[in-house]
Each structure stands twice: as structure tokens, then as C-alpha cells.
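Student: I am new to this structure and would be grateful for a close look at a single part of it. Please begin with the overall picture and then follow that part strand by strand.

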Amino acid sequence: MNPPPASSIRSGSATPPVARRLAVAALGLALIGTSIAQPRPPVSLASDEAAQVDLSPTTWRSAYDEYLARQQFDRDHAGSARGSHGAVTVAYNALAGRAGLEALHRGGNAMDAALVAALTQVALTGGAPVSYFGIVSLIYYDAATGTIHTLDGGWNSVLGEDDPLSIPGGVGFGSDDALRGIGEPSGRTALVGGFLRAVEAAHQRFGSVPFAELFAPAIHVAEEGIPVSEKFAGYLDFRAEDLKRLDETRRVFARPDGSGDLLRAGDTFRQPALAETLRAVARGGADHLYDGPWSERAVAAIQRDGGKMTLEDLRRYTAVWGEPLRATIGPFEIAVPAAGDGGVNLIEAQLLARASGMLDDGHWTRSGVALRKAHDVTQAAFLGFLPEATRANLFPGVDFSPTGRLRPANAERLWKALEAGRSPFRFAVPEALDEALSEPRHSDDVVAVDRQGNMVALTHTINCVLWGRTAIVVDGITIGDPASFQQRQLALIEPGERLPGPTEEGIVLRDGQPVLAFASMGSGLHQRTFQGLLNVLHYGMSVRQAIDTADFFMPETDPRSFRLRMTVPTGRFPRQVLEQSGYAWREHDPAQARFAGEGIWVAISRDPATGELEAASHNRNNSAAVAW
């Protein structure tokens, strides 16, 4: 396979020097595959064959080297691939997607491919935006039974934390120092993440290749090492002070010359401690983290920083299987995870789009009226952050329960109230704002489909700004500070309970057959999911066209007036359309979109009649979509 033409990629070394931009960029990371791999004959995996599966990159060296090189470049359009035997797409880092495809090549199924890709993503990023002690949410369509299942591997709060509002920390946007984290590092900001528990549970129920083989590409990445890109060097520079605070963390990211300096662009980043930890998990399962040697060292490290986590917090962690929420949207049915708010937000936005009449106003890239309504619709997701009494006063008669928000009639009542000006959110007129902010989020996506029609979409995250202020690393695994900005959410649950998550992933069915699997991430994940689904389900676009069509980002907020402003990529919207919307806007260089509140949406479509798959990745990073 040849590299993409020069017109389709940008050098990944053009990293802005401003630390604030680096960190906001990291809040929107994800992994995605690219290009079409050479087809191989279909295989079925019998039990004796499964025992012989070898996913080590030493067995697919040429493709490994090719996709490792692809990670140094950013695309300027969506990666896409077609096939009939299987496909994988991830939001960032082409090599992770290609590792997932190799699992399909060797006879694995969609779940195997998704888990391999997700595990590889963490090793490729040094645990900065995602972590083996992070969180994951996934949805799975089982073709053999026609059933859909969800798995919640979200944050557990700490049993001993009875005063979450006093947890120190926070993320500010007034300066680079504030974005790195407010206040002194504190172990109280650590939560119990379920990523590896969920990986284990997902494999036990639906995986087909040996559990240990899921880890082979990640172990290879950690042990052999990968080139340090300009982008990753920038992340290290941004968090340099915190990464040098603890001896173990400093050793992970230090140059091997003994200077004490952190790695630089062009160096080789090796993670031998992580490789050993992953081998231990591959051999003995997730208990190594939750009821074994790692758990003891992790709890000790967290408590040394004043944290309240104990071994009991880790031992009691379980990943939770559940049934999806389902809603009918026109001729389609959308299934989403029931845990958290993301799925409800996603469905409600689709209902509001229809209630508002925006679908009759033309596409938002050609109609200012539709663009304005689209912003009003997607902003409604934040009504959930308002106190219940405030919502009742603003929107009498509107049902804000999860089941209520799935009803078209309720969406119609909510839209009438929003149209009447009852929303607490206000967009500025064109001349108003002069400072932009994004809220802190960062995660990665994987979507995989196999030739049997099994589908999986997952999102996983460390849920903090690049390793977090504490920058704790134990045996190669990063422990973030997600409680440093979720104190209010933690105060709404009991100690030890699960914290709801905002991610949006789902499966779309038509006439009972799955036709689309998707996942999203980034600060503007809600806006991007809204647009991607409408482009495919209402406007009839392919998944590649849906991603390449001009998109708007999460609005910017002025910290003084709290007025909002639209943000869009430079040159993608006609000025007349922006002016017609009546809202203030700011254009951003597409190459720097991740700093501007963009969302990332990746998807795979499947023709139920022919089995043909189309995978599409993001259009502004080193993504890839792979298929065969």
C-alpha cells in the first residue's frame, strides 16, 4: 500500500508553541484507522486455531512499519475504506486501527478488533489522553442473536471520599498555568477507572481470539518503542513540571542520556515497565490491577499524595452490562448506551431537529436559518446541568427524565419554549465576543464491524488534561485527576457509586437490520454526532461524505458575559450563511480545529443486503479507516 498523496496529508510537526492550545488539542484526541488493506481469504476461527493466533507485529511487520510512519502526518479529508470481510476506524493514530484490522485478518471478530485497537491506542499515546486505568463505554450488536448489549466501564467514586466539593483542583482558561491545573496536585482527584475490567468482560462474553493476544500489539509498541513526534514532544513540554515531580513518572518520560531532560522530537519512546505490566495482565487478567500487585502500588502512590482510595475501592469494581436505550427516528431506530447522559442527549437532539423544522430549511452549510437552529438544538443538551427547580421554572410541562426526553411530543414542547426565548443560553450578535474557551474533554474512539455483521462502537478516555496535574505513573500505567473538575457531579452520587458519563456512541438499525455504528469524542462531540447522523440518516450521505461536509464546532463562551459564539473552520461556510444566522461567529484554521472545540465522529456503514462495509475516519488528523 502506498502512502497517501501529498495533497491529502499535512506534516504532523506543525505544533503551535502555545501550551494552552496544546492542552486543549489533547482534550479532543482519538484514534482512527486509514486506507484499504490488501484482502486476504476469509477465515473462521475454530478453538484449536484460536490457540495459534499470533497478533504480534513481528508477524505483520511491513504493515506495522507503514502505519507507524503514517502517524507522523495529518489528513485534510476523511480516511475511507470499503470491504466486505471487516472494517475498523479510530479517531487518531493509524497504527491502532491497522492493529485492529489484523485481528480480523487472523480470524477474530469485531469485538476482538475493537479491543486490540483500544489497547494499542493507549500505548501509542503514552497514557496521556487515554489510560489503562481510564474509562470506557461500548455498545455491541451480536449478529448471531440480533441483540444489542452495552458495557459501562465508567468512573467509580471513592468510598472514603465523603466531601467531594472540597476536592482540590480545577481547570482554568485564563492562562497556560491555569489550564495545566489549579492548585497543588492531590491524590483525592483520582477515581477508579474500569478500562481493563471492561476489556476483560467484553472479551469473556464476545471475544474469540485468546485474551493474551489482544495485548500483543500494545506490548510491542511499549517494548520496541516509537518515534517521538513534534506533537507528542509538545505535550511533554506542556506538562513538563508535573511529569518531573515524581521519580517513577520522570523515569518513564526522560531521555536515556541521563540528562534528566524529557524526551524530544526524534527520540525513541520506550515503555519497558508498561510492557511488563501488560504481560502480567495478559497472563493473569485484570485482577493484576484490581486485586493484585499493581493495585497495592497504585493505592500507595495515591495515598502519598493525600488521596483516600483504598484496596477495597479497586476490589469492588465491576464493569456493568446493560440493555440499550432505543428510539425511533423516522425510518431508523437508534440504540445507545443507557448509562450516562450522552445517549439521551444524542436522541433528543435528533428529535429537536425535526421539531424545530430545521430539516425543511436546507442544509446548515447553505442556510443560515438552519445553522442557527442547529446551534439552538445542540445547546439544549446542557440544560441537564441546570438545577431541577430552574428547569421547571423555565420549561413548565417539559419532562426532563431520561424516558421523557426520548419522546417526540416532549421535544416539540421543549422546542416551543426555546423558540420563545426561554433558554438560559444566549448567543452574541456578530461584534460581541473577544475570548474563546472550550471545556475539558479528551478521549478516543474505535468502531469495528466483521463479516458476520457483528458491530462494536466504543469510546475510552483518561478524562483529564494530558496525564492530569498529578501525573502519577505506576508500573507504566497512568493515573489521571478526573475528580479535579467533576466535584459537583460527584456530590450528586453516594461514595463508591458510578459517575455518569457524557460519551455518545451507538448503532442504527433499519427494518431491524444494523446499518451504521458510530462513536464520537472531543469538546464538540455532541455537535459533531448531531451533524454526522443527520448527514447520513436524513440527507443520504455516505459516512465519508458526512465527515467531509463542513461542520460547526462547540460554541465558544465569553467568561465575562457568558454569551456564546459559533465556531467554524475557515472557508468552509459561505459568509452569507454565517451572516444570515444572526449569531456571532469565529473562523478557525482547520489545521488547528482541535483547539477550537471541534468534535470527532467516526463511523462504519453496512449494507444489510450485500454486506458491503464503508469505514470513515476523521478529516483533520493522522486518522485512518481500514477494511478488507
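How many helices and strands does the protein have? Which strands form the open sheet, and in what order?

Tutor: This is a predicted model, in which local features need pLDDT of at least 70 and side-chain atom pairs count only at pLDDT 80 or more, while totals for chains, interfaces and linings use all residues. Residues are numbered from 1 along each chain as its sequence is written, and side-chain values use heavy atoms, with hydrogens and water left out.

The protein has 23 helices and 23 strands; both are DSSP runs numbered from the N terminus, helices being H or I with at least four residues and strands E with at least two. Of its 628 residues, 64% are buried, where buried means under 20% relative accessible area, exposed over 50% and partly exposed in between, with a 1.4 Å probe and protein chains only.

The open sheet consists of seven strands in the order β9-β6-β5-β13-β12-β4-β23, with antiparallel pairing. Two strands pair if DSSP finds at least two bridges between them. In general, strands of a sheet pair through backbone hydrogen bonds, either parallel or antiparallel. Here the edges are β9 (320-322) and β23 (624-627), each of which pairs on one side only. From one strand to the next, the twist averages 10°.

Within this order, seven bridges join β5 (residues 135-142) to β6 (residues 147-153) in the antiparallel sense, and Y140 faces H149 of β6. Further along comes β12 (444-450), in which seven of seven residues are buried.

Strand β12 has a partner on either side. It pairs with β13 (residues 455-461) in the antiparallel sense over six bridges, with V449 opposite M455. The hairpin of β12 and β13 leaves four residues between the strands, and G453 there takes a positive phi near 95°. The other partner, β4, runs antiparallel to β12 and is joined to it by five bridges; one of the facing pairs is G86 with D450.

A helix covers this part of the sheet. Helix α4 (residues 94-105) lies across β4 (86-90), β12 and β23, at about 160° to β4. Such angles run from 0 to 180 degrees between N-to-C directions, and axes are lines fitted to C-alpha atoms, for helices over the stretch in contact; contact means heavy atoms within 4.5 Å.

Helix α4 also packs against α3 (residues 61-70), at about 150° and with the axes 7 Å apart. The two are therefore roughly antiparallel, a label for angles over 145 degrees, just as those under 35 count as roughly parallel, 65 to 115 as roughly perpendicular and the rest as oblique. In this contact, A63, Y64, Y67, L68 and R70 of α3 meet A94, L95 and R98 of α4. These residues divide into six nonpolar, no polar and two charged. Ala, Val, Leu, Ile, Met, Phe, Trp, Tyr, Cys and Pro count as nonpolar, Asp, Glu, Lys and Arg as charged, and the others, Gly among them, as polar.
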